[in-house]
Amino acid sequence: MFKKLPVKTKVIIFICLSVIGIYSILRNEINNKNKYNLPNTSMKSVEEDKKDNIEDKKIKKLDDIYSKAYKAFFDNKYNEAIKYAQESIKIDNNFYKGYNIKGIAMCFNGDFDEGMKNIDKSLSIKPDYGYARFNKALAYELYEKFDEALKWYDKNLEIENYIWSYYGKASIYGRRGDAVNAVKYLKTAINMDKTVKEEAKKEKDFDPIRQNKAFQELIKN
């Protein structure tokens, strides 16, 4: 029957069959390619998941150790705080929080030079880390380097509106007997948090201006 068909019709049928054949071949190649690529894609995903999981565990471990160091510092257990901080740094030598808490603990523990080196290391890793800027000011104030302390309280305030930097400046001016500036910065701190007033009432740094009327007015109930 095929022989009886006109030549033109035979040509058209041949072309159609050829197109169908080529399409089938290409489709099979694509399917085979996808099939063989699937294991590689899956393996890549598994490897990425493993890396993410390891990183998440590392971050959690660092946070846990840092929390212990932070608590120890505020409990005045400076050697313990230093130990935990050093442990975190061994896990990640770019853990800026570890250097910072270690540094301020060392300063309070009597080692200003090494403590400041650690705070500076924290800032070299993360220059805009507000807590390290504050602790650098606090360390300078602790060792009565008041001009440097004021400068670093201001550096902290450049990046965060931190209540205790205002209070720190107020206390330094209080020590110096500068009632005007002490009241100025203390007022800012009190406006941010009324409980600061209770701290100021018992703060020895304000003894030189305790009888100043503006100061008395500021801290009265």
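Q: Where does lysine 197 lie in this predicted model?
A: Lysine 197 sits in helix 9, which covers residues 196–202.

Q: How do you know that lysine 197 has no salt bridge?
A: A salt bridge needs a side-chain nitrogen of Lys or Arg within 4 Å of a carboxyl oxygen of Asp or Glu. For lysine 197 the nearest side chain of opposite charge, glutamate 198, is 6.7 Å away, so by the 4 Å cut-off there is no salt bridge, although lysine 197 is buried.

Q: What does lysine 197 touch, not counting residues up to four places away in sequence?
A: Its contacts are Ile190, Leu218, Ile219 and Lys220. Of these, Ile190 is one of the buried residues of helix 8.

Q: Which other residues are buried in helix 8, and what covers them?
A: Among them are Ala179, Ala182, Val183, Tyr185, Leu186 and Ala189. The cover includes helix 7, helix 9 and helix 10 (213–219).

Q: Why is aspartate 178 called partly exposed?
A: Its relative accessibility is 24%. Buried means under 20% and exposed means over 50%, so a value in between counts as partly exposed.

Q: Where is aspartate 178, and what does it touch?
A: Aspartate 178 is in the loop joining helix 7 (163–175) to helix 8 (179–192). Leaving out residues up to four places away in sequence, aspartate 178 touches Tyr173 and Ile209. The C-alpha atom of aspartate 178 is 8.6 Å from that of proline 208, 30 residues apart along the chain.

Conventions: Residues are numbered from 1 along each chain as its sequence is written. This is a predicted model: local features need pLDDT of at least 70, side-chain atom pairs count only at pLDDT 80 or more; totals for chains, interfaces and linings use all residues. Side-chain values use heavy atoms; hydrogens and water are left out. Helices (H or I, at least four residues) and strands (E, at least two) are DSSP runs, numbered from the N terminus. Buried means under 20% relative accessible area, exposed over 50%, partly exposed in between (1.4 Å probe, protein chains only). Contact means heavy atoms within 4.5 Å. Lys and Arg count as positive and Asp and Glu as negative; His and the chain ends are not counted.
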